[in-house]
Amino acid sequence: MIRSEYADPIEILLVEDNPGDVRLTFEVLKDAKVHNVLNTVENGLDALAYLRKQGRFSRASRPDLILLDLNLPGMNGREVLEEIKKDEKLRQIPVVILTASEAETDILQSYDLHANCFITKPIDFNQFVHVVKVIENFWLQIVKLPPHREQ
Amino acid sequence: MPEGLKREDLTRHLFDIAGVIEMALERDGRINFINSHGARLLGYEAEEIIGRNWFDSFLPEGIRGECRDAFAGIMAADTEPGKPHECLVLAADGKERLIRWHSTVIRNDEGRITGLLNTGEDITGRRQAEESLRRISERQDAILQTVPDIIAEVDADKVYTWLNDAGIRFFSEDAIGREASHFFEGEQNTYNQVRPLFEGQDDTFYVESWQRRRDGRKRLLAWWCRAIKDARGNITGALSTARDITDLKRAERLIRDSFEMTKAILDNMDAIVYVADLENHEILYINEYTRNIFGDVIGKICWQALQSGQSGPCDFCTNDKLLGPDGEPAGVYNWEFRNTISGSWYDIRDQAIRWIDGRLVRLEIASDVTRRKLYEQKLATTMRKLEDSNRELEQFAYVASHDLQEPLRMISSYLQLLKQRYADKLGGDAEEFIEYAVDGASRLQRMINDLLEFSRIGTREEKRRSVSSEDSLETALAKLKLAIADSDARVTHDDLPEVKADAIQLTRLFQNLISNSIKFRSEEPIQIHVSAVKENSYWRFSVRDNGIGIDPAFKERIFMIFHQLHPHHQYPGTGIGLAICKRIVECHGGRIWVESEPGEGCTFHFTLPEASNNED
């Protein structure tokens with residue numbers, strides 16, 4: 001099934017501390033075929049608070065997809081991933097690791113912690129645009145995401 | 001003759017006093033007369049005997065017939081009584097006595113034989129004494145002839161007068177009649193030593209003397225000598241026993257020499273050597289080295305003398321480890337310990353051995369390894385520092401790659417975004433400037449990645465095992481498939497060996513060297529050949545090409561990180577390829593170098609350890 005652009009918007013949570021990357025991702029997704037809402041948090045603790053609707057995120061909606069950077073200030077991406085996948089209510093949400101790292105250990109560790117996929121941010125801008133588009137195409141259009149259990 | 005004494009009676013009394021039996025027999029063997037000595041000897045009074053048959057009453061049953069026959073013969077005048085003869089008689093108490101008889105026949109006036117007159121002498125006691133003397137003498141003879149020792153008798157002139165069998169076996173029969181000195185070997189003081197003996201001293205003298213055996217061999221005899229005196233106390237000679245102690249002396253010397261040698265070895269050992277009782281911990285032996293540290297502690301208790309602060313046997317005592325379940329020595333127990341008195345570290349070898357008296361004791365040999373221990377500790381510290389430093393370096397490289405890449409990505413991404421959206425609004429030069437900026441950023445990116453790869457080499461020693469270098473080369477060639485096809489390069493190789501290496505790094509090594517050869521090609525069609533030669537426990541690999549070659553002046557420099565001989569725009573790259581090769585080879589314990597002349601291609605050589613036999 002291909003989503004129509006008139007359906008409910010897809011909720012994406014981007015966990016990324018670099019405003020440059022946030023902006024780049026936003027720039028690319030802005031033009032996406034699928035209607036989407038991109039929410040951003042800058043660190044791991046906020047990411048978990050957002051997902052658990054705690055504190056100032058009490059009114060946040062449950063995302064359909066999480067884009068997670070590994071290098072975050074304070075609680076890093078691995079720990080966030082581990083928390084999400086330990087949490088029965090959160091573990092169904094697909095997590096895409098989007099990071100500058102190409103290190104084998106990072107890749108292995110992420111999959112060990114049940115990341116749904118691991119993508120290295122390409123250095124080249126055009127490549128980056130391409131990758132984000134592929135993410136959009138695959139995760140927002142092709143993949144059948146789990147239904148929202150809580151609703 | 002005194003009055004009243006008849007001649008007849010006189011004779012009888014004389015016989016009685018002389019202890020001689022006098023007895024007369026009738027022709028029929030009846031006793032006609034016996035004197036009182038004879039009757040007493042048989043245990044009767046003479047009146048009880050007279051008239052009784054001699055043969056039936058007073059001879060042991062076994063000889064009765066024989067004696068009667070002999071008697072009959074005499075009576076018949078067939079035989080003369082002849083010489084004195086010995087015959088047993090049976091006394092009243094049942095005991096037999098041996099009598100020596102003289103017999104003579106009695107005739108009447110007509111010359112007819114009427115009886116036999118016998119005089120007898122009781123020789124029972126004498127015969128017994130003779131018998132026991134004979135036995136003693138036989139025994140003595142047997143002893144003298146069978147003892148292994150030489151027994152010899154000399155006269156006052158020291159001439160051999162008698163030798164036992166052992167003596168004859170040693171000196172030969174000819175020795176008797178010869179002076180003792182005839183058999184002396186070499187100069188000796190023997191006569192002086194035994195002089196007091198011949199001057200009347202009663203002691204037994206001991207002398208050792210070299211003498212010539214009958215086979216001509218020189219043997220050492222130990223002599224024990226004693227003077228012999230006659231009834232008046234004059235010295236008539238000497239009786240000696242002698243034993244061949246040549247072999248004994250030799251064995252003694254051997255034991256003494258080997259003991260001296262063992263002692264010398266133990267005393268010269270640069271280690272504590274001691275023996276202590278397994279049960280009561282008493283020290284039985286120490287070598288000089290131990291004496292120098294602990295003093296003369298023989299006889300003391302080891303945990304008191306060799307350690308400090310022990311109120312009983314040391315809790316680290318190894319005695320319980322020295323015997324097996326069968327109670328027999330269990331072999332060497334090796335351990336390390338820091339002595340509580342000297343403070344030195346020792347490499348200790350403990351072992352149960354059998355002591356001279358047969359009991360099991362503990363033998364300890366402890367070498368001072370304090371210096372080695374200090375080195376080890378220093379080495380461990382250095383290693384730890386090195387590991388820390390390596391870990392920090394890795395951490396640094398990792399962090400650098402991440403943290404440097406993020407801003408770099410920002411630079412290049414936004415430059416490109418800028419270019420895409422605004423190039424036409426920025427004027428003619430903008431695009432070129434942006435290009436340079438983007439190129440610079442991506443070069444920096446590559447350098448960071450190369451640096452990261454470079455820093456990771458050598459951190460994976462555990463991944464080294466036997467690998468086929470030929471497989472690694474094939475993998476490298478597969479990765480370079482495009483480059484090889486594009487450049488039409490011809491890559492050949494000999495049979496390549498197994499080496500001990502990290503397969504991924506070995507592939508990387510070949511890949512870098514071959515792509516280097518392709519990159520620095522000449523006008524000629526590219527030809528690359530890989531070969532390997534065994535050199536001791538290493539294989540020397542050679543990668544030969546026909547490229548532009550390298551000026552020998554730069555032979556060393558090309559292996560330096562980020563070092564380039566040519567302008568970047570002419571030969572693109574970061575200049576890390578050969579630095580990575582060098583690091584890979586050196587981390588494997590090998591060496592890499594290049595042989596080349598400009599325009600004549602170059603050959604890269606590197607060595608790698610051979611595959612070990614005991615594979616994990």
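Between chain B and chain A, 5 residue pairs are in polar contact, both residues of each pair being at pLDDT 80 or more. A polar contact here is a pair of N or O atoms within 3.5 Å; within protein, one must be able to donate a hydrogen and the other to accept it, and residues adjacent in sequence count only if both atoms are side-chain atoms. The elements of chain B that give two or more residues to the side touching chain A are α12 (370-426) and α13 (428-456). The largest share of that side, 14 residues, comes from α12(B). By residue type, the side of chain B that touches chain A divides into 4 nonpolar, 8 polar and 5 charged residues. In this division Ala, Val, Leu, Ile, Met, Phe, Trp, Tyr, Cys and Pro count as nonpolar, Asp, Glu, Lys and Arg as charged, and the others, Gly among them, as polar. Helices (H or I, at least four residues) and strands (E, at least two) are DSSP runs, numbered from the N terminus.

The structure is a predicted model: local features need pLDDT of at least 70, side-chain atom pairs count only at pLDDT 80 or more, and totals for chains, interfaces and linings use all residues. Residues are numbered from 1 along each chain as its sequence is written, chains are lettered from A and ligands numbered from 1 in the order in which they are written, and side-chain values use heavy atoms, with hydrogens and water left out.

Across the interface, 17 residues of chain B are in contact (heavy atoms within 4.5 Å) with 23 residues of chain A. The buried area is about 1,700 Å², of which carbon and sulfur atoms give 46%; buried area is the accessible area (1.4 Å probe) that two parts lose on being put together, summed over both. The two chains also share 2 salt bridges, a salt bridge being a side-chain nitrogen of Lys or Arg within 4 Å of a carboxyl oxygen of Asp or Glu. In one, B:R409 joins A:D21, with the closest N and O atoms 2.5 Å apart. A:D21 also forms a salt bridge with A:K121, where the closest N and O atoms are 2.9 Å apart. A:K121 lies in the loop between β5 (117-120) and α5 (125-142) of chain A and A:D21 in helix α1 (residues 19-30) of chain A, so this pair ties together parts that are 100 residues apart in sequence.

Turning to the sheets of chain B, an open antiparallel sheet of 5 strands has the order β2-β1-β5-β4-β3. Strands pair if DSSP finds at least two bridges between them. The edge strands are β2 (31-34) and β3 (85-90) of chain B, each pairing on one side only. The twist averages 35 degrees from one strand to the next. Strand β3(B) is joined to β4 (residues 96-107) of chain B by 6 bridges, and B:L88 has B:L98 in β4(B) as its bridge partner. Helix α5 (residues 61-75) of chain B packs on this sheet, touching β1 (21-26), β3, β4 and β5 (113-122) of chain B, and its direction makes about 130 degrees with that of β5(B). Axes are lines fitted to C-alpha atoms, for helices over the stretch in contact, and angles run from 0 to 180 degrees between N-to-C directions.
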